[in-house]
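Good morning, and thank you for the time at today's meeting. I would like to take you through one structure, beginning with a term that we shall need and then moving from particular residues to the chain as a whole.

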Amino acid sequence: MTDRRLWSYKDIAAHIKVQPDTVRSYRKHGLLPPPDQVESGKPYWYPDTIRSWVANRPGNRARRD
């Protein structure tokens, strides 16, 4: 079963243990995948999108969260 909740910058930040501003910076610099949905100008991602990005991003040393 796929999780269809949408994650905000805050949710992503909590998942990867950084500040929300860091996640915003990742997006600004093209390091975050495109949002799955945009509502009222705010980007949101599905958890699976972010989990896949985390598993494949440079510098990931097989974190086991």
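A salt bridge, as the term is used here, is a side-chain nitrogen of Lys or Arg within 4 Å of a carboxyl oxygen of Asp or Glu. Please keep in mind throughout that this is a predicted model.

By this rule, the count comes to two salt bridges. In one of them, arginine 24 pairs with aspartate 21, and their closest N and O atoms are 2.9 Å apart. Both of these residues belong to helix H2, where they sit three residues apart, about one turn of the helix. Arginine 24 counts as partly exposed because its relative accessibility is 39%. Aspartate 21, at 55%, counts as exposed, since the term applies to values over 50%.

The other salt bridge joins the side chains of arginine 51 and aspartate 48, with an N to O distance of 3.4 Å.

Three helices and two strands are found in the protein chain, and from the N terminus on their order is α-α-β-β-α.

How do the axes of H1 and H2 cross? Helix H1, residues 9-16, and helix H2, residues 20-28, have axes that come within 8 Å and cross at roughly 105°. H1 is therefore roughly perpendicular to H2, because angles of 65 to 115 degrees are given that description. On the H1 side, the residues in contact are Tyr9, Lys10, Ile12, Ala13 and Ile16; on the H2 side, they are Pro20, Val23, Arg24, Tyr26 and Arg27. Sorted by class, this contact has seven nonpolar residues, three charged ones and no polar ones.

Is leucine 32 buried or exposed? Leucine 32 lies in the loop between H2 and strand E1, residues 37-39, and it is buried, with a relative accessible area of 8%. Not counting residues up to four places away in sequence, leucine 32 touches Tyr9, Val23, Tyr26, Arg27, Trp45, Ile50 and Trp53. Take isoleucine 50 as an example: it is 18 residues from leucine 32 in sequence, while their C-alpha atoms are 8.4 Å apart in space.

Lysine 17, in the loop between H1 and H2, has a positive phi of about 60° although it is not a glycine. At 59% relative accessibility, lysine 17 counts as exposed. Serine 40, also not a glycine, has a positive phi near 55°. Serine 40 is located in the loop between E1 and strand E2, residues 42-44, and is exposed, at 79%.

Finally, some totals. Of the 65 residues in the protein chain, 25% are buried. Among contacts between residues at least 6 apart in sequence, 48% join residues at least 24 apart. The protein chain exposes about 4,800 Å², and carbon and sulfur atoms supply 49% of that area.

Key: Residues numbered from 1 in each chain as written. Predicted model: local features only at pLDDT ≥ 70, side-chain atom pairs only at ≥ 80, totals over all residues. Heavy atoms only, no water. Axes fitted to C-alpha atoms, helices over the stretch in contact; angles between N-to-C directions. Helix = DSSP H or I, 4+ residues; strand = E, 2+ residues; numbered from the N terminus. Parallel < 35°, antiparallel > 145°, perpendicular 65-115°, else oblique. Contact = heavy atoms within 4.5 Å. Nonpolar A, V, L, I, M, F, W, Y, C, P; charged D, E, K, R; others polar. Buried < 20%, exposed > 50% of the residue type's maximum accessible area, 1.4 Å probe, protein only. Areas by Shrake-Rupley, 256 points an atom, 1.4 Å probe, with all protein chains shown as cover.
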